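Morning, everyone. One structure today, and I'll keep it quick. Please look at the screen.

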Amino acid sequence: MQLLDGKIAAQSIKDHLKEKIETLVATGRRSPHLAAILVGNDGASETYVASKIRNCSEIGFRSSLIRLDAAATEESLIQAIEQLNSDTTVDGVLVQLPLPKHMNESKIIQLIHPDKDVDGFHPINAGRMLQGLTCFVPATPLGILLLLEHYHIETSGKMVVVIGRSNIVGRPISVLMSQDRPQGNATVTVTHSRSKDLPSICRHADIIIAALGKPLFLKADMIKPGAVVVDVGITRVVDPQKKSGFAIRGDVDFETVAPKCSYISPVPGGVGLMTIAALLHNTMMAYEIHHSNT
């Protein structure tokens, strides 16, 4: 069994981006600029945004954080997005999810300019991805592809089972891996809560991508020997033995599943780190689009 180590793969991507930025700055050009909006003070969201800002700093990106109170009006969030959309020095814009219940997430996502939508959630980017056109691929699915690429995991002709059908991970990764592309050309089955006899389906898979948000869901008796397992789940569970009072668990029962795998991604230290690396990749792409149009 070999780990699909997100720390190693993400660092490789960040090192490459850092070199590109150093070259750009040396020629007198500005560095890419990622702007994030955080509404409220959700603990997990605070952690994610802080990590994104820290990673931007590490490779030479400029970053901005706009904070809004949890009780802020939807109109104030809209105004913040519109200001960033019109700011020519901002390349990428993201709104940290989830939003407070009084805000319409779908509406907000659609307000981000497609050319600055580095999260890849805008319907225009989703549609372009479906057709195999150039677009911003959602960061977590892109991170999965980059992780598989780094470890030279063959996907062409393989049987892939995706557990979960969210618009953020399950649906886009199923489309991407079925397309004629590197880390694609697979035969993909998307499973979900209504799927019949899920263990049997999983046991036929060469590659399993678990993205349903249920801790320790995938057990050893659900995979065949030598399978590649990518764990997308990241859930906080109560753990009195931890100083923080909680532990991070993936969707895969790592201790029992890992011995049967050829490759497996850990949680933490796997797809989560690749998601941030993919976000930086998309921000660089947005920067290049911006400069190609000026």
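Start with a contact. The side chains of D91 and R30 form a salt bridge, 2.8 Å from N to O. By salt bridge I mean a side-chain nitrogen of Lys or Arg within 4 Å of a carboxyl oxygen of Asp or Glu. This pair links distant parts of the chain, 61 residues apart. D91 sits in the loop between α3 (74–86) and β4 (92–95). R30 sits in the loop between α1 and β2 (33–39). Helices are DSSP runs of H or I with at least four residues, strands are E runs of at least two, and both are numbered from the N terminus.

Before going on, the ground rules. This is a predicted model, where local features need pLDDT of at least 70, side-chain atom pairs count only at pLDDT 80 or more, and totals for chains, interfaces and linings use all residues. Residues are numbered from 1 along each chain as its sequence is written, and side-chain values use heavy atoms, with hydrogens and water left out.

Back to the pair. Is D91 buried or exposed? D91 is buried, because its relative accessible area is 2%. R30 has 27%, so R30 is partly exposed. The cut-offs: buried is under 20% relative accessible area, exposed is over 50%, partly exposed is in between, with a 1.4 Å probe and protein chains only.

How many salt bridges are there by this rule? The count is seven. Here is another one of them: K20 with E288, 2.8 Å from N to O. K20 is in helix α1 (residues 6–26) and E288 is in helix α10 (residues 271–292). K20 has 30% relative accessibility, so K20 counts as partly exposed. E288, at 37%, also counts as partly exposed.

Next, D206 and K224. Their side chains meet in a salt bridge, again 2.8 Å from N to O. D206 lies in the loop between α8 (198–202) and β7 (207–210), and K224 in the loop between β7 and β8 (228–231), so the pair ties together parts 18 residues apart in sequence. K224 is partly exposed, because its relative accessible area is 27%.

Stay with helix α8. C202 lies in that helix. C202 is buried, because its relative accessible area is 0%.

Now the surface. R165, R171, R194 and K196 gather in a patch of positive charge. Patch residues have over 30% relative accessible area and no salt bridge; like charges are joined within 9 Å, nonpolar side chains (Val, Leu, Ile, Met, Phe, Trp, Tyr) within 5 Å. Lys and Arg count as positive, Asp and Glu as negative; His and the chain ends are not counted. R171 belongs to helix α7 (residues 170–178). At 45% relative accessibility, R171 is partly exposed.

There is a nonpolar patch too. M1, L3 and F254 make it, at about 270 Å². F254 is in helix α9 (residues 254–257) and counts as partly exposed, at 31% relative accessibility.

Last, the whole chain. Ten helices and eleven strands. Of 294 residues, 48% count as buried. The C-alpha atoms fill a box of roughly 55 × 40 × 35 Å along the principal axes. The radius of gyration is 19 Å, and a compact globule with 294 residues would have one near 19 Å, so the two agree. That radius is taken over C-alpha atoms, and the globule rule is 2.2 Å times the number of residues to the power 0.38.

Technical notes. Accessible areas come from the Shrake-Rupley method with a 1.4 Å probe; for residues, only the protein chains shown count as cover. The place of a charge is taken as NZ of Lys, CZ of Arg, CG of Asp or CD of Glu.
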